[in-house]
Structure formats: C-alpha cells, structure tokens
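Thanks for coming. Please have a look at the sequence and the fold before I start talking.

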Amino acid sequence: MAATGYDAIVIGSGQGGNPLAAALANAGKRVALLEQTHIGGTCVNEGCCTPTKTMVASARVAYLARRAGDYGVRTGPVTVAMAVVRQRKRDIVDSWRNGSQERLESTPNIDILWGQARFSGPKRLVVGERQIEIEGELIVVNAGCRPSAPDIAGAASVSLLDSTSIMELDSVPDHLIVVGGGYVGLEFGQMFRRFGAQVTVVQRGKQLLPNEDADVAEAVAGILREDGIDVLLEAAPVRISGAANGIELALKDGAGERTIAGSHLLLAAGRVPNSDTLNLAAAGVGTDERGFVKVNERLETNVAGIYAMGDIKGGPAFTHISYDDFRILRTNLLEHGQASATDRLVPYTVFIDPQLGRVGLSEAGARRRGLNVRVASMPMSSVARAVEMAEPRGLIKAVVDAGSDRILGAAVLGIEGGEVMAILQTAMMGGLPYTALRDGVFAHPTLAESLNNLFASFRD
C-alpha cells in the first residue's frame, strides 16, 4: 500500500509540537500531527504545569486558611475535599486540552492522526491500530518522556504512585512517602502535607535539589521541615513491600538499614524518553546511552530532515524550553534564519511555597568554571513586603561577574520567587550591570524593591 505523503510530520502534540504544526500549516504545508493519547502533551494533561499547579493553588488556600489567625482572621476547622480538588484540576485540564484541539482541527492543512507512531523506514511511519502509513521529507520528533520505572527491589509487587496517578487520588493519604527530592517530589510532598497527609521525603543525595547551592537547598529543607515534612537525606531506598495498612520502604542511611511505613508511596525519581516506542533505528536516528535523541544546536538529528524538540532530546525538561525549541525551528525552517539553542538562558521555578525561582549560574557552578565572582545574598525576612505579608521565609542570592558587574545567575526562594527571578533574568538578557538594579527606583512596598538592598549586601 502506498504511503500518504505529507510536507511535514510532527510526532507529538506537546507545547512545541502544536504551535510548530500550526505554523507549518499556515505556511501552506500539508502537515500530519501524530498523537497517541491527547492533545497538549505532558504539560497540559498530566505534568507539573497545568494540572499540578491547580492543585498547588488549592493546597496554598488550605495553608492560608490554617494560618488565618496569624492575620487576625478567625476561621473554623479546615478540611480538604480531594474529590473537589481533583475535579477542579480535571475541568481546567479539559478546558485547555479541548481548546487546543479545536484550534488545531480548525486549522487548514493539518491532519491529526491518533495512535502510537513507529518509524518503518528513513522517512516513513506507521500510525495507530489501523497501521496507517505516512511519509514526509520533514519530520519533527516531539514524543516527550514518561516517569521512570523504579529500580527498587519489590516495587513491581505493590501499587505505587507516579506524578500522573497521584493527581487522581480522591482522598488524602494518611502517610505519603515520597522517593525523590527534586522538583516533582517536593511540589507533591508539600502539597499533600497541606492537604493533611503526614509526609516523608526520601532523598539519596546529601541535599534536596542537587543542582542548587547548598545554602539554598538547606533553606528549602528547613521550610519543608517547618511545614511538618520529615526530610531524610543520604537515605537510599533498598526494598519496597506491602503491609497491612499500606506500604513499607526499607532504606539505608548512615545509621544502617531501617524501615518506614506509609499508606502511599510516590516515586518521583526521574523520567525516561519515549524514544523506545518509535523504532528510531529504522530511520537511522541516533540516541545517547539514556535513550535521548541526539541533536545539535539547531535541533537537527544525525539524519537530514529529521529534528527533535522538547523533553525527548534531553537537557532541561521545561515547557518553556519546548516552546523555545518551536521558535528555533520556526525561525530556521520557515524564516530561513539561524536560530540556535546555544547559550540560551534556562529559567525555572520550583512551585513549592514559597517558590524557588532560578536562572543562570549558581555560586558553585560559577566557581567550578573558575570565574571571578561576587555573591549578594539576603534573607527574605529583610524584605519589607514579605514581612508585611507574613511571608518572610527564604532568601535571595545573586552571582555577579567581578570584572563586568553583570549578573551571571540568581536564586530567589521567597514569596512569588519566580516573578522576582524574572526581573533578574530580564537584566541578564539586557546585559545590565547589577548597579542598574541596585540604584533603580522601584515602587514601594513591592517585592521588586528587594533588589535595591540585595545588591548593597555583597560579600566576596
């Protein structure tokens, strides 16, 4: 049977794939958009973006309700209806997903083909149970990642939660054990603590958030412990087993091996690329030892005409990076430009509360590179607006090049830390010296004016 020919094929309808398919179609190209499950990809449907952040918002309301007395407001006992929290999450997800699908379906030149896609040749794919064959000279792989399978003895014999299934719980766990001290584990751990669960976070490494400076990670751990979360560091999971009332996790730390019991266990220790489902070998597309598709700075694979974007290519797994990948491909494929991923800033926010916003180099990262830097650091308890809001937890830290006075990176752990971080990022994008923020006139009282005092607090 002859394959149906397209000008372009986009595998995956995530936050980069959707706008790219639309841009190609609007440029007059016939486009096949392949999707196995639902429009929108991980971000909209089950990732740490739309669905998780709706639940984070519910958890913060519960937290503030319990703290109402701190503000002189009297409330009664606070309880959480997980079924209502879940339905709110589902409604928002459905709204975003359906809106995206309707826009794509109404875009001329786009065919949405449903089902698992696999390469059957260099520029040919087979899609879905009907084994529809298609081919195209331009192919973009945007198939994303999934939660990694646990490498812990006994894990296959018990029912475990991952970052998708935990959002479908209809009741609050009695005791949630979280394996993994990264973004996903900490967001869910604090969220369910605020919903009313006992929570234990188990982290193999010596600190949470291993890419952060030790002082920032320690401050995060302190906040979580203040919230009533048991944080176990340098604790390696050894074995998982079922128990009468849930699950038992055997772990090994400096004191030897011990067991902790919980009602539920969330595995939040990483994600793996979906490249193993695509039969990339048939197309000759290369991957690294972990299965991520290898690309150059223009997102080109080793096969001419085949590109990869988003999480499946490795690197920072953030929605905004996927969207920037789209902009690179749009510029180069449709506008004959020379866009590149080289040296792009990678900001992110960990949506614990208070938030941790990060951009650029950490202090440790700068010193590993042998850079001559100055470090400015200030507790949020010195920020007037934070104190007025009864949100004084956290710190702000910036790393500055000692020669040029330009900001190399920053971490903002504090109320609306992601928004304050964006101000520092904007200064970095504009190449401004730190003095522009130190001497800038910001409205009072705002969180932004904390940057005046931050850069007056240098230590060498």
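I will go through a sheet, a helix and the nonpolar cores. Keep in mind that this is a predicted model.

First, the sheet. In general, strands of a sheet pair through backbone hydrogen bonds, either parallel or antiparallel. Here we have an open sheet of three strands in the order 11-12-13, and the pairing is antiparallel. Strand 11, residues 236–243, and strand 13, residues 256–262, are at the edges with a single partner strand each, so one side of each has no neighbour in the sheet. On average, neighbouring strands in this sheet are turned by 20 degrees against each other, ignoring direction. Seven antiparallel bridges join strand 12, residues 246–253, to strand 13. D253 is found opposite G256 of strand 13.

Next, helix 7, residues 319–334. How far apart should its ends be? With 16 residues at 1.5 Å a residue, the helix should span 22 Å, and its end C-alpha atoms are 22 Å apart, which agrees. Its buried residues include I321, F326, I328 and L329. The buried residues of helix 7 pack against helix 1 (17–26), strand 6 (132–141) and strand 16 (306–308). Just after the helix, H336 has a positive phi of about 55 degrees.

Last, the cores. Which residues touch the most other members of the largest nonpolar core? They are I166, F192, L208 and V220, in a core of 39 residues. Elements giving two or more residues to this core include helix 3 (50–66) and helix 4 (82–105). Beyond its neighbours within four places in sequence, I166 contacts L161, L176, F188, F192 and L266. Another core, of 25 residues, lies apart from the largest one, and I407 and Y434 are among its members.

Notes:
Residues are numbered from 1 along each chain as its sequence is written. This is a predicted model: local features need pLDDT of at least 70, side-chain atom pairs count only at pLDDT 80 or more; totals for chains, interfaces and linings use all residues. Side-chain values use heavy atoms; hydrogens and water are left out. Two strands pair if DSSP finds at least two bridges between them. Helices (H or I, at least four residues) and strands (E, at least two) are DSSP runs, numbered from the N terminus. Axes are lines fitted to C-alpha atoms, for helices over the stretch in contact, and angles run from 0 to 180 degrees between N-to-C directions. The expected span of a helix is 1.5 Å times one less than its number of residues. Buried means under 20% relative accessible area, exposed over 50%, partly exposed in between (1.4 Å probe, protein chains only). Contact means heavy atoms within 4.5 Å. A nonpolar core is a set of buried Ala, Val, Leu, Ile, Met, Phe, Trp, Tyr and Cys residues joined through side-chain atoms within 4.5 Å.
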